[in-house]
Amino acid sequence: METSRKPLSSSDALHHLLVVMLTLLPAVQSMPVPTDVPMCTAAETAQYSLTFTGKWTQAAFPKQYPVYRPPAQWSSLIGVTHSSDFHMWQSNEFASNGVREFAEKGEAWTVMKEVETAGERIQSVYGILSAPAAVGGTGQMNTEFEVFARHSYLSFIVRLVPSPDWFVGADSVDLCDGDHWRDKVTLELFPFDAGTDSGFTFSSPNFETIPQDRITQITSSFPSHPANSFFYPRLKHLPPIAKVTLTKIKKMNRILSIPLEPTQSNLLPTGNEIEDKLINTPLDCEVSAWSPWGLCKGKCGDSGVQHRTRYVIMQPANNGAACPLLEEERKCFPDNCL
């Protein structure tokens, strides 16, 4: 008798594939170490815990903040431990097909294949790591990974959901300092544009960028367009939208495990993660252009009055500038008066 099997969700399938890839990843052989970067001489491997904490709140990012269909949230985290001669992604460079698919759709199959190929070709990759998707803009996710002297760098990427092709991440964070491992590293994360989709807002429809642009950091003034969801001309810098804490932990004689189920207990950061002051970003009111002047209303031979109007595009928030008058009038003289 056949038994029914519950289909795997995309998150479950992704993590199962990661486990298989970690199992099949070929052993790393010694390779010449580049001489233009500091050499790590740590004798033993090190194990780290990674904690990702979202700071994507409506108070910090009030403009067009996604509250439904879907609400603000984070994709799974995909990361790589590697040597200095490998880059998962780089600012001001073109995104690979794998990074493109992940930034636009959250699909990790191609980027993992790219990592696997790099590991086989130049043996620059030590391991792949993953953490389950975080629920909500302030969600949290955790995972553990291992590094050693030849492969002391960490790179990772997390997609903003919803977004056209926006992500946060880190490129080549060196966890080694000479002959020892860093005890703790904290990274403040800011949004990046993968350069593959031309949408300006979180909910923009898919509109491919042709030709493809380079990966660029999104700032309060770039892209310089009022429709941009991160456009805050009053701010010199955007507040960080997420944070990652890397903490060296005691080495355990056990197999490194990958979490297979999304965590539902990560709606709000707990413990020492609540250490940042509440950020309230002022959002000024935005109004449309004036309409054309209306008909002149008045008696023949006398002056009349005509009106024009505009409407509110964006309501103010967090003590931002209030909306100006939405209606204006002026004196006029009726046309075609008999």
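**Note on salt bridges and strand pairing**

1. A search of the whole structure, which is a predicted model, finds 9 salt bridges. Side chains of opposite charge can pair when their charged atoms come close.

2. One of these salt bridges links Lys63 with Glu286, with 3.4 Å between the closest N and O atoms. Because Lys63 lies in the loop between β1 and β2 while Glu286 belongs to strand β13 (residues 286-287), the pair ties together parts that are 223 residues apart in sequence. Lys63 has a relative accessibility of 1% and therefore counts as buried, the cut-off for that class being under 20%.

3. A salt bridge also joins Arg150 to Asp85, whose closest N and O atoms are 3.9 Å apart. Here Arg150 is found in the loop between β4 and β5 (153-161) and Asp85 in the loop between β2 and α2 (97-105), so that parts 65 residues apart in sequence are tied together by the pair.

4. Lys113 is partly exposed, with a relative accessible area of 49%, while Glu116 is buried, with a relative accessible area of 18%.

5. Turning to the strands, an open sheet of 4 strands runs in the order β4-β1-β12-β9, with antiparallel pairing. Strands β4 (140-147) and β9 (184-189) stand at the edges with a single partner strand each, which means that one side of each is left without a neighbour in the sheet. On average, and with direction ignored, neighbouring strands of this sheet are turned by 20 degrees against each other.

6. Inside that order, strand β1 (residues 46-54) pairs with strand β12 (residues 242-249) in the antiparallel sense over 8 bridges. Leu50 has Leu246 in β12 as its bridge partner.

7. A further antiparallel pairing, over 6 bridges, is made between strand β2 (residues 73-82) and β3, where Val80 stands opposite Ile128 of β3. Strand β3 (residues 125-131) is mostly covered, since 6 of its 7 residues are buried, and the cut-off for buried is under 20% relative accessible area. In a regular strand the side chains alternate between the two faces of the sheet.

Key: Residues numbered from 1 in each chain as written. Predicted model: local features only at pLDDT ≥ 70, side-chain atom pairs only at ≥ 80, totals over all residues. Heavy atoms only, no water. Buried < 20%, exposed > 50% of the residue type's maximum accessible area, 1.4 Å probe, protein only. Helix = DSSP H or I, 4+ residues; strand = E, 2+ residues; numbered from the N terminus. Pairing = 2+ DSSP bridges. Axes fitted to C-alpha atoms, helices over the stretch in contact; angles between N-to-C directions. Salt bridge = Lys/Arg side-chain N within 4 Å of Asp/Glu carboxyl O.
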